[in-house]
Amino acid sequence: MTSRLMGRAERLADAEQHTMIDRIFEENPSMNEVYPGETRYILEAFVIAEGSIEFFDLGKSPICRESLALGKAPVTEKGFFITEACIGCGTCASLCPQQCIEDGTPYVIDAAHCLHCGLCYESCPVEAIERLGNVRALRIWGRQPRS
């Protein structure tokens, strides 16, 4: 299982540092072995008041993915979706390692089980699949976003 926390971290005020660090150690006693005694105060406590959390359970088949908002921050949709340009050929569904693409015209990606691997995006013969969110991830893997 994996979780990703995204947002702006803000350091707590000096007056709150020791109190929060003590609380963290009370709730996570194993940290006393890593930072014994006063060495714990080398750490700095912070808060993320607005942001998002993405949770993945890769131990299930199909995988499970969920996004949640922190504070008033919106949850940004990520992954892929199939547009009305879909011709219903089924290429994307046949290649999906999670089998999370459902028949139809257009076909539909079940985002809760999608790995965001991009195989559907790369293989669509009519380029009917678009990417939501940051296209930088595609460039990391050598894929180019469509213009």
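Me: Why is Ser52 called buried in this predicted model?

Reply: Buried means a relative accessible area under 20%. Ser52 has 14%, so Ser52 counts as buried. Ser52 sits in strand S4, which covers residues 51-57.

Me: What is Ser52 in contact with, leaving aside its neighbours within four places in sequence?

Reply: Ser52 is in contact with Arg4, Leu5 and Met6, and also with Leu68, Ala69 and Leu70. Contact here stands for heavy atoms within 4.5 Å.

Me: What makes Asp57 buried or exposed?

Reply: The cut-off for buried is under 20%. Asp57 has a relative accessibility of 9%, so Asp57 is on the buried side. Asp57, too, is found in strand S4.

Me: Which residues does Asp57 touch, not counting those up to four places away in sequence?

Reply: Asp57 touches Met1, Ile63 and Cys64. The C-alpha atoms of Asp57 and Met1 are 4.4 Å apart, although 56 residues separate the two in sequence. Cys64, in S5, stands opposite Asp57.

Me: What makes S4 mostly covered?

Reply: Of the 7 residues of S4, 5 are buried. In the chain, 28% of the 147 residues count as buried.

Me: How do you know that S4 pairs with S1 and with S5?

Reply: Two strands pair if there are at least two bridges between them. S1 and S4 have 6 bridges, in the antiparallel sense. S4 and S5 are joined by 7 bridges and also run antiparallel. Both counts meet the cut-off of at least two, so S4 pairs with S1 and with S5. In general, strands of a sheet pair through backbone hydrogen bonds.

Me: Why are S1 and S5 called edge strands?

Reply: The open sheet has 3 strands in the order S1-S4-S5, with antiparallel pairing. S1 (2-7) and S5 each pair on one side only, and they are the edge strands. From one strand to the next, the twist averages 15°.

Me: Where does the second largest pocket lie, and what is its volume?

Reply: The volume of the second largest pocket is about 210 Å³. Closest to its centre, of the 14 lining residues, are Glu54, Arg65, Ser67, Glu77 and Lys78. The elements that give two or more residues to this lining are S4 and strand S5 (64-70).

Me: How do the residues of that lining divide by type?

Reply: The lining of the second largest pocket has 5 nonpolar, 4 polar and 5 charged residues. Asp, Glu, Lys and Arg count as charged. Glu54, Arg65, Glu77 and Lys78, among the residues closest to the centre, therefore count as charged.

Me: What makes a space a cavity, and how many does the search find?

Reply: A cavity is a set of points where a 1.4 Å probe fits but cannot get out, whereas a pocket is open. A search of the whole structure finds 2 cavities of 30 Å³ or more. The largest cavity has a volume of about 90 Å³, and about 70 Å³ of space lies in the second largest cavity.

Me: Which residues lie nearest the centre of the largest cavity?

Reply: Cys96, Pro97, Cys114, Cys117 and Cys120 lie nearest the centre, out of 15 lining residues. Helix H3 (91-95) and helix H4 (119-123) are the elements that give two or more residues to this lining. The lining divides into 12 nonpolar, 3 polar and no charged residues.

Me: How many helices and strands are in the chain?

Reply: The chain has 5 helices and 9 strands.

Terms used. Residues are numbered from 1 along each chain as its sequence is written. This is a predicted model: local features need pLDDT of at least 70, side-chain atom pairs count only at pLDDT 80 or more; totals for chains, interfaces and linings use all residues. Side-chain values use heavy atoms; hydrogens and water are left out. Helices (H or I, at least four residues) and strands (E, at least two) are DSSP runs, numbered from the N terminus. Buried means under 20% relative accessible area, exposed over 50%, partly exposed in between (1.4 Å probe, protein chains only). On a 1 Å grid over the protein atoms alone, a cavity is a set of points where a 1.4 Å probe fits but cannot get out, and a pocket is an open set with protein on both sides within 12 Å along at least five of seven lines; lining residues have an atom within 4 Å of a point. Grid points are joined across faces, edges and corners, and a volume is the space filled by probe spheres set on the points. Axes are lines fitted to C-alpha atoms, for helices over the stretch in contact, and angles run from 0 to 180 degrees between N-to-C directions.
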